[in-house]
Each structure stands twice: as C-alpha cells, then as structure tokens.
Protein chains: 6
Amino acid sequence: MGVAVRNIARADSAVVEALGQLGVATIHEAQGRTGLLAPRIRPIYGGAHIAGTAVTVSVPPADNWMIHVAIELCREGDVLVVAPTSTSDAGYFGELLAVSLRARGVQGLVIDAGCRDVAELKAMSFPVWSKCICAQGTVKETLGNANVPVVCAGQLVAPGDVIVADDDGVVVVERDSAATVLSQSQAREEKESRIRERYSKGELGLDMNDMRPLLAEKGLSYVDDAD
Amino acid sequence: MGVAVRNIARADSAVVEALGQLGVATIHEAQGRTGLLAPRIRPIYGGAHIAGTAVTVSVPPADNWMIHVAIELCREGDVLVVAPTSTSDAGYFGELLAVSLRARGVQGLVIDAGCRDVAELKAMSFPVWSKCICAQGTVKETLGNANVPVVCAGQLVAPGDVIVADDDGVVVVERDSAATVLSQSQAREEKESRIRERYSKGELGLDMNDMRPLLAEKGLSYVDDAD
Amino acid sequence: MGVAVRNIARADSAVVEALGQLGVATIHEAQGRTGLLAPRIRPIYGGAHIAGTAVTVSVPPADNWMIHVAIELCREGDVLVVAPTSTSDAGYFGELLAVSLRARGVQGLVIDAGCRDVAELKAMSFPVWSKCICAQGTVKETLGNANVPVVCAGQLVAPGDVIVADDDGVVVVERDSAATVLSQSQAREEKESRIRERYSKGELGLDMNDMRPLLAEKGLSYVDDAD
Amino acid sequence: MGVAVRNIARADSAVVEALGQLGVATIHEAQGRTGLLAPRIRPIYGGAHIAGTAVTVSVPPADNWMIHVAIELCREGDVLVVAPTSTSDAGYFGELLAVSLRARGVQGLVIDAGCRDVAELKAMSFPVWSKCICAQGTVKETLGNANVPVVCAGQLVAPGDVIVADDDGVVVVERDSAATVLSQSQAREEKESRIRERYSKGELGLDMNDMRPLLAEKGLSYVDDAD
Amino acid sequence: MGVAVRNIARADSAVVEALGQLGVATIHEAQGRTGLLAPRIRPIYGGAHIAGTAVTVSVPPADNWMIHVAIELCREGDVLVVAPTSTSDAGYFGELLAVSLRARGVQGLVIDAGCRDVAELKAMSFPVWSKCICAQGTVKETLGNANVPVVCAGQLVAPGDVIVADDDGVVVVERDSAATVLSQSQAREEKESRIRERYSKGELGLDMNDMRPLLAEKGLSYVDDAD
Amino acid sequence: MGVAVRNIARADSAVVEALGQLGVATIHEAQGRTGLLAPRIRPIYGGAHIAGTAVTVSVPPADNWMIHVAIELCREGDVLVVAPTSTSDAGYFGELLAVSLRARGVQGLVIDAGCRDVAELKAMSFPVWSKCICAQGTVKETLGNANVPVVCAGQLVAPGDVIVADDDGVVVVERDSAATVLSQSQAREEKESRIRERYSKGELGLDMNDMRPLLAEKGLSYVDDAD
C-alpha cells in the first residue's frame, strides 16, 4: 500500500551531462519521436535547461506527503518526477521543498499537477515544469510510491531514466538507451548545424533535400496566379 | 436592474498593506486553504505583487459599460474586481481604463475574462490578473452591478474585502477576518522561515516533522532495490 | 490534390509598414471588431510586434512538408500563416525553418498548431504566434496547399492580406481594405491619445462621454450604502 | 476546522415543488439572469428534472468523507450540493451513496467534480449533475464543512436555497426570493406560451416586438442581393 | 454597421436532398477532407441527420437580436448557421425560436455557442448542433450581419452553401461544388459498400489494398514474439 | 522504425469474462485505485460494457495505417487499444474498420483520439471509447508499432492486459494480476452488496463505519443552527 525503493540504477552521469547540452526537440527526434511529455507541462519561468536522473514518485490527489519520502531518496544530479494518481491542479510543490531538494543537489522538478511560490522559485533559480500554477495547498495523509515506474503526462518514466527539460518541454530517455540516444542526438545536432549554415545563405529545403520530384509525383501543381 | 453602491466599508489600510508583504500561497494556507480564485486567473506579466480593497463589478458578456461606473467608486488603494455574468473571453479592459484607474490610485485589476493592451499595461506597470489575453473589444449597452457581492473565478468577493495577488494567483480575505488572517499569515511566515533555514542545511522534512512512525503505521515499506 | 500559387497580389508595403506602428487591438476596433484570430494564438515570447503580407499554407496533421514549399513563395516583408486541416498540437516549426525564412526577409510566423525551439527563436528574435509549444516533430509525406485562402484560428486569411501581431494577438486586414483600415486606425489612435490625456488628469469616462443620462434611462440606481 | 450545521431554514416546499414544474432557463431569466451554475455542470443522463432544497457540503480534493456527514443532515425533498475546495475530476459520488440519499428522500445531487456508477444511477433513476464522469475514487481523511454557504460552479449556494436542475443545467434560487421568483417565472411561462402560439402560426419576432424601427435606428441596412 | 441580405442563391434542392442521404464523414472525405466544422460542435441529441442550405448570421457576444432578423430570411429547406464574433457560451437559441424556424420550414440550426431548452427541442425533434448547452440567456441590443459569409467553428460558410449534419458533426459544401461533391460522395459510398461486404467476410484491408509490400518497404518488421 | 508482434500472451479468458461482469469503478478500487484511463475517454454511446485482452497499437498523428496491421493480430475476445504518438482529434476509426474487427471477434475499441460513424457503430452495437467524435479522416503513410506496450490516456497498457470498459470509463488490469484483481473485485462487490442493503434501509455510513469518534477527533463540530 506504499513502497519506496532506496537504491536505483541511474544513467551514467557523463551521458546525462552531455544530453543536457542538447535541446529537448533534438533528443526527442533522435530517439524516434518518443518520450516527450504532454505539452501541458510547461516551465514556470523561461530559459531553464536541465538534465538529470529521475527519482519518481506517485502521489494521491492533493496530497504531497510522498514528496517528503522521495526527497530523501534523491542525490546530486537527480530530477524529481511527480505523477498524481488522479487529475489535480493543486499546488503540491513550493519554495520550501525546493530548498530541501537543492540541499541534496537536485536539478529541478517535473510535475503533472500544480506548483506554487513561482516568484521565489525563479529568484532562487530552481526550475520546475508543471501543468499549472496554483497556490492551493495539499495535505499529508495518504501514501503513494517512490522510485517505481510512473506514467507522467502520458509518458512512462522509470527511476534512473534521464530527464531533459528546456523551454520546449520535457523528454525522458530510457536509462539503457541513454548513450545511444546521446550519439544519435549529437549526430543530429551536427547535421542541423550544416543545414543551418546553408539555410542562412538562402538555400532552400526543397533543393537541399531534392524534394521537387517527390512533390510532383505526389501531385503538387504550381500555378502562376490564382484565378 | 442595475445598482451601484457608493459607500462601502473597506478593510483597514494598515492591515491591507501588511498583507501585501505576504505571498498569496501563505495567506491562503493561513486562512485554512480558502479564498483562492481559480488557477485560470493569471498575471499578464510576471513579478507584480499587490494588495488592496475590492471594488466589485458584475458585467454582462462582452460589455464593459459598468467598469466606467465602477471607476468612479474607486479610491486610493483599491483593486477592481470584475466578474462577467456569463463566460467570456472578450477583452473588457485595456490601457485607457488603466490610466483612468491609476489616476484614482487603484492598485490593479482582477478579471475573470480577457484583457488587452498588455504591452502598454506592462510598460506602465499596471498589473492585471485575467483569464486570458484577447484584443476583442466590448460594447457599452447593458447594465450590471457595482459594489455588490460577486462570485469571481469561483470565489465570493464582497466590496471592501482584501485582494492579494502575485505570481501564484489571487486570494480574497474577508474584510472582517483581515486582521486575524494577517497575524496567522505572519506566524506561518515565521515558521516557514525557520523551516527554510533547516532545509537549506540538509535536514529532512521526514525528520523535522517526525513523519517516519506515521508513515510506517500507514503501511509504507522501504525496499532496498526494485525486483 | 495540392496547389501552390506562385504570384500573389500583396497589400501595399507602405500601408503595411504604417499598420505595423499600430496595435492589434486598435486595428481590430478600427475595422469594426473583425479579423481577430482566436485568443488561443499567443506569442512564444513577449514584446514582439510585426506587420507583413500573408503567405498562406494549409498543412496536414503533423506534416510540415508544405512549409518548405511555402518558404520558396515568401519574399521580403511577408508573414507565413500556417493552418492545419485538423486540430494538432505538433511542433511544425522550429529554428531551422526560421533561419530559412529570415534569409528571405520574412517577418515572422503565425500557426494554429505547435512551435518548438522557442529558446533559439527568442535568441534570434524571430517571432512566432502559435497555439502551443510542443517539441513533437512532424513528417514530410502529404501535400497541402500554398497561397490559397485558409481559415486560421477562426479567421479567413487570403494570400497578400496584412497580418499584424503583437502581445495582444493577431489580426488580419483584407488586402483591399488595408489603406482604409490604416486611416481609421490612425484616427482611432489620435482619439485615444486625447482620451488618455484626460483620463490621466482624473476625468471620468462617465463625464467625458456623457454616460450618466443614458445609464439612468437604462435603470441604473445609485444607493449610498448597501443595506 | 470543520463545521456541520444541523438545522437549516428551507424554502417553502410548495414553492419548491411549483418551481420544479418550470425549466431552468425560464427561472434563470425570471430572476434577472442570475443564479446559473457554470455550463460545465451536466446531467449524467438525459431527461431528469428536479427541484429541491439545498444541503451544502464543501469537500477537500478527492476526499468524500464529508458527504457522509452531509447525508445525515438531509431530509425528504433536499438536493445535495457538493463543492470541492480545489479543482478535482475525482469520482466523489456513486451508486451506494445514492442508495443512502434515496432512503432519506433526497431528489438528486449537484457536484462540481466527478461522478461514477452512472449506469447504476441511471437504472435507479437517481439524477446527478456533475462536471465529469470519472471512476477514480476518493479517500475519507480530511474534514470540510456541511450546511454552510458554498460557491459551486461559480454560484453562491446557501443551505435551504432552491435548486432546480434539468437538461439545460442547474440554477439556484435564494430561499427568501423563491416565492417571488416563482410568480415571475410563471408569468414568463405564460407569456412564452402566447409567443409560442403566435410563432407557430408564422408570425415573426420582428413584428411581434416591433423591432424594425429600432433595428433601422441602430443602422441595419437591408440589401436585396449580395454584390 | 449591420447588413442583411434578402436574396441569396441557394444550392439546388435535389442535390441538397441527395446529400442528406449521405453521412458527414463520407461527404467530408469525398470533397478532399475539407469543410468540416471543428469537433466542438456536437448535436444536442443523438440520431438527427439533416441537410439544407445555409442562411448565415454573425452575432455579437451574448446578443441574439440578429437571429430574429435572420429568421425572416429563411425559407423551406434552410439551415440557420450562427457564428458569434467573439467566443461565447451563452444560450442564444431555445425552443421559441425553434418554433418560429419550424414555421418557415427550416431543417435545423448550427451554432458555435450555447443552446438551451434541449429537452423541449428534443421533444419537438428540432435538431441543433452547438458548442455547448447553457441556459444563460442573451440580450437584443447590438447588430450583426445576416446572409454574409461567416467563419463558423473554423470553416467558411457562405449563404446558400449546403450544410449536412449528423452524429459525427457538421460539414459545409460550397454551393457551386455541391453536384460534384454529391457524385463523388455517392461513388465513395458504393465503394465503401463493397469494402464492407468483404470486411464482413473476414478479408483484411492489408490484402484488399495490397498494403504488405509498401509496409515492408517503409520498414515494418514482424516479430513472432516480444523478447 | 515499425514493429508488429505476432504472438502475445493473453490474460486467461475465464478471468477476463468474469472481470467483464464487474464495473470499472469496482475493479479500479479493488486494484488499489490504479489503471484508470483519463476521464477524457468516453463511450460513444451509453450502456456498453465489455472486457477483453488488449491488442495495442501506437499510431502517428492522423494516420491510421497501423490499425490495419493491428487488425490482423486480433482474435476472438480482444479489445483494440489505439494510442497516438501526439495529441490528435482526427477520426482514426469508423464503421468499416469495426466491421473488419467484428469479423475477427473483437469486443470493442479504445482510442485516445477521434472516432467517426457513431450512428452506424451504435446501430451495429460495436462499442468505442474515444477522446472525441470527429469526422476528420486520416491517411495511411507512416508506420507505428503494434503489440508493444503503449501509454494510452495516461495509463501503461501492455499487449495481453485486460481492458474493462463501461459507462464510467476504461480500466486496464495487468495480465499477471488479473486473477488476483478478479477475486479482490468480487470481494469488494459482495461487500458493497451488503452495504447497499443496509443503506437502502436507512442506515448511515457514519454509523456503519463508526466514523463519529474519528470525525470528532479530527475536530468536526456540530452546531444546531447557523448564527
């Protein structure tokens, strides 16, 4: 009726750090357009960009007791991922818990529910990605689970997976795939860098990717002027 | 078919000012988790934090005529609270009305509908909390009521009540409870200050609040490793 | 099953530029409260304000192939307007396409779907107004149409129409009405300037517009105090 | 931290019963377009039409303990009105509680949250108006209040007020106004009956209400054909 | 500031009637997946299926005056299409107006806003497709336009166009394309009839459409068992 | 880039059938309030109640090609579970595919996207639980995966898991837990049966569960009358 797993295998920290140099959109593309949390999850302030290993926690509606349990399980470089068992807008998380997480070296928080104290969180540069901002508090009465696989904003997140979050949203990379996804993402980044160079000089995607024959084959017709 | 009340009893200005030093989340907690407007009400720009006494106005859909009536009823230190009688996204309020409100010393505006001219409002630092941003204008054809109790974003607001608004949202404090809520909020703030200090040093909520026995009693089991 | 129109008549560039000096709310009012895109269309960062001539493109769900086709049709001063044929949150547009559009002198993009790479777009000051932010990518497999009339966020946009976008949203002005709407908007702006002056001195809308007799006629009653 | 009021003054039962012969839209119009709960509140099955006196209960998020407290306060002819203190989709109410309410003669339930067991509720003809249908259960751990004024779906409901609900939604009538609203509603119904008769014979609202001069005065122009 | 067009060219009534024998999904497919109103537009009761020629009306927020103007413009076989100029949930339309429309032989109503009196409308079998059900009434104070092109739920509807509506939603067919779309729809229906026959006997789409080679070419791999 | 698993282990058919005699709410409670799909998933018509083993398919936005692949993988007693990789309202599924599924003995369909042909589906009694109803069609151009674990409406569904769906929504039961959940659900059902009996005779939950001392301990105070 409530389980907390103490030891979890975490993705390699060098890989995590390297993934953190890359954008969410790039990583999501590189791993085959998978792992993106639903777009309702937004940063509470702009400009943050983090990567870390997931410590997961499932919480009852409007009850943040298990977050306290989960904090103890966190260590340097983690990201706390909070998944309510039922839809809730309540503000499970605020500045005090952020102070506690920071003391343990946690990078940030992802929650499919509400967050509060956003001015204070911004001032202390503790980034949160949440479904909404809501001052409504929570209670501490019912158990959930910590460090078990959870579904957060439509994606399965296992403890120790990599979480990368930036202004575009949040992506999860499976622990065992992290190194592969990293190299695929870096390859994609390099390729994009070459495309960027050519685009900036005025070359067209139509020509660079030889799209014209395929467009014609699909039936695209150009007309000089609308009737 | 339309009433405007000229004189209202307002919460004590010293209490209002002191409440303005505290955050919405703190006040909401301190008064027993009540009085919070629905989280759809968001600031049009970040960083504003106000407190004032409510002048209320109920308005017909997409008709802002009564706001003109309400402006005359405002005085130094008020916050105008606008509640449409039917769901509307229209932009009832913009920069010109803000100039008029500012001339009377009004602190800001709360509206369960749309706001426009947000660039200008930000430039003049006139804060608004609204349901949406929408350039769609309104007409001036139908009456509503001013300075009567209204329900705004799910909360009852009476004229003269205290409105506090910040990046977390908007909370209403009943006029007669304002002094009590203030002292409860300040007590909470002090308590949080002590917690913050201990959290920042790495102490855990689990220990500080002696949660471990209760968690065990509820049935939480720790396992060292997943399966 | 896919048409791209090469040459379109565009609104006069001097008129477009002058409209760009005016706000969306002003223009929307001046043309009789028409042409405003639905308020779900929001800027991805604050403070941008553009005007340009529409190059339009209808796109299949989660397929951005036609945007490549449309880019070639763009020239200095255009705004690309993207309308999916079915509701989609996917991120059709990101930084690379923005680099390509900028190389052609395009002012910005309006899309009734998702946008990604928002940090990069902000850094390069390429403004986008979109329905959401979503890192989810798209494919390049199905045709749509370019430079035909489209309905974007509830408004009909024809190629060559004027698009003005700022923090309040996006408004479309028909190409043939652009000059008329410009002069109406400028007249409105001047009138608002005079109103602003008087409001700032404390005059009331009630008096300036002689509203009191009409309010009384409609049945507004003033009471000195609530019961 | 939790209050339950045993005895409340209820609206006159004859008036309540008579109001139950009238539709929600009629009553809402007759009392000056006030008292309508937000349209998110919908019947779980079509065709039900009830009227009763409100027993109110405010409940914590996803916690239905106070509903048990409120049931004891109900008597023949009541309608239970449930208002969560924070947005929730959880299923607070199902068939078993309906059996308990029916045993006390309660007419139905209105809740700004979720309901479950809808097949069973339909089979036993116990009508519920709710925000959503959701099988997610609730706990019994935290107090709320019973028979105090609550805001439910945007409307203030006091214990003893009249609740009328049908396929159009839910309206609240203040206890002290019930008799007046009844006669106004009946007058409106009679007037509508006469209008119905004339409309069915082909008369136009334009003529029956002499709207043509006013439309012309406002500036309506008729043209025979579009250009 | 308000125009009503008396005479409009209507699609051929035999074509309209024949289109009414076909489903919305079929017609929408047959005309190249265009013309479908947004899925927020839903029937107020199940099982209705109509086709008619559009009489259009744009209405101000929560003001149904122009519907009275539009009724006079309707004749046997029309469908009234109502498009508010700004988002609104208000109940613009109810039973009395339905009686008036029925007296003129109107088939039904499509509205991108609220409808009320749904029990009565169902009882008299007057079908309505609306955005929501809401008892909130409207006023009669501001002009709009009748029989001009409007955008309703994201689609351009011109007066005289064909509207077909059933349990799947609402589709508009341009007047000049109606005959062509009819024959395309009938051809599609016949084709679907043959597919239905084969599917019901257990044939697979994979085989009937020879999809297997193409799936293989795209890279689909079959595995006998998950790892 | 596209995988289809031919053979999957399915939950025991006798257990599945027995679970189908129980309601979604009961099963969800019995398995510890887990496994419930988000409440946006609703039946397209009332009264259906099914249980079956999941065949899963992930589909690209607005592309239903993989459903054809999945149909071949279905057999008697399955339920097809469709999870788009990105939010979509498109109508992936209609009557023809239902005919094909029925020919294979499939019980019904669950989809976190749109469904169409709802009148025909109701007529043939093929139940669907979907996010919305939308006539918008899809293409057949991009691969997905069949019979791999998917996240559908916020819940992890593995091939062979049990799906139970009724008017309250959809719940997934893990294949390996099915027998245990069945016996827990039956025990719960029996317990509820006894409660129902006592409630119907007028006993109160307060007394049956001995709640009064605990309520008092938590601080509930009864007052005879509101002041």
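In the predicted model, A:Arg116 is joined to B:Glu29 by a salt bridge whose closest N and O atoms lie 2.9 Å apart. This pair belongs to the interface of chain B and chain A, across which four salt bridges are found, together with 14 residue pairs in polar contact, both residues of each pair having a pLDDT of 80 or more. On the side of chain B that touches chain A, the elements that contribute two or more residues are α2 (24-30), α6 (178-200), α7, α8 and β13 (221-225) of chain B. Sorted by class, that side of chain B consists of 15 nonpolar, six polar and twelve charged residues.

The extent of this interface can be described both by residues and by area. In terms of residues, 33 from chain B are in contact with 35 from chain A. The size of an interface is often expressed as the accessible area that is lost when the parts come together. By that description, chain B and chain A bury about 3,100 Å² between them, with 60% of this area on carbon and sulfur atoms. Within chain B, the residues that lose the most area to chain A are B:Asp168, B:Tyr199 and B:Tyr222, which together account for 19% of what that side buries.

Twelve residues of chain C and twelve residues of chain F take part in the contact, and the two chains bury about 880 Å² between them, of which 43% is on carbon and sulfur atoms. Of the area that chain C buries against chain F, 40% is supplied by C:Thr87, C:Gln136 and C:Glu141, more than by any other three residues. The side of chain C that touches chain F holds four nonpolar, six polar and two charged residues. Between chain C and chain F the count of salt bridges is zero, while two residue pairs are in polar contact, both at pLDDT 80 or more.

Within chain F, helix α3, which spans residues 65-73, is mostly covered, since eight of its nine residues are buried. The buried residues of α3(F) are F:Trp65, F:Met66, F:Ile67, F:His68, F:Val69, F:Ala70, F:Ile71 and F:Leu73.

Most residues other than glycine have a negative phi. In chain A, however, A:Arg33 has a phi near 55°, a positive value in a residue other than glycine. A:Arg33 is placed in the loop between α2 (24-30) and β2 (42-43) of chain A, and A:Arg33 counts as partly exposed because its relative accessibility is 27%, a value that falls between the limits of 20% for buried and 50% for exposed residues. In chain B, B:Asp210 likewise has a positive phi, near 55°, and is a residue other than glycine. B:Asp210 is found in the loop between α7 (205-208) and α8 (212-218) of chain B, and with a relative accessible area of 56% B:Asp210 is exposed.

Conventions:
Residues are numbered from 1 along each chain as its sequence is written. Chains are lettered from A and ligands numbered from 1 in the order in which they are written. This is a predicted model: local features need pLDDT of at least 70, side-chain atom pairs count only at pLDDT 80 or more; totals for chains, interfaces and linings use all residues. Side-chain values use heavy atoms; hydrogens and water are left out. Buried means under 20% relative accessible area, exposed over 50%, partly exposed in between (1.4 Å probe, protein chains only). Helices (H or I, at least four residues) and strands (E, at least two) are DSSP runs, numbered from the N terminus. Contact means heavy atoms within 4.5 Å. Buried area is the accessible area (1.4 Å probe) that two parts lose on being put together, summed over both. A salt bridge is a side-chain nitrogen of Lys or Arg within 4 Å of a carboxyl oxygen of Asp or Glu. A polar contact is a pair of N or O atoms within 3.5 Å; within protein, one must be able to donate a hydrogen and the other to accept it, and residues adjacent in sequence count only if both atoms are side-chain atoms. Ala, Val, Leu, Ile, Met, Phe, Trp, Tyr, Cys and Pro count as nonpolar, Asp, Glu, Lys and Arg as charged, and the others, Gly among them, as polar.
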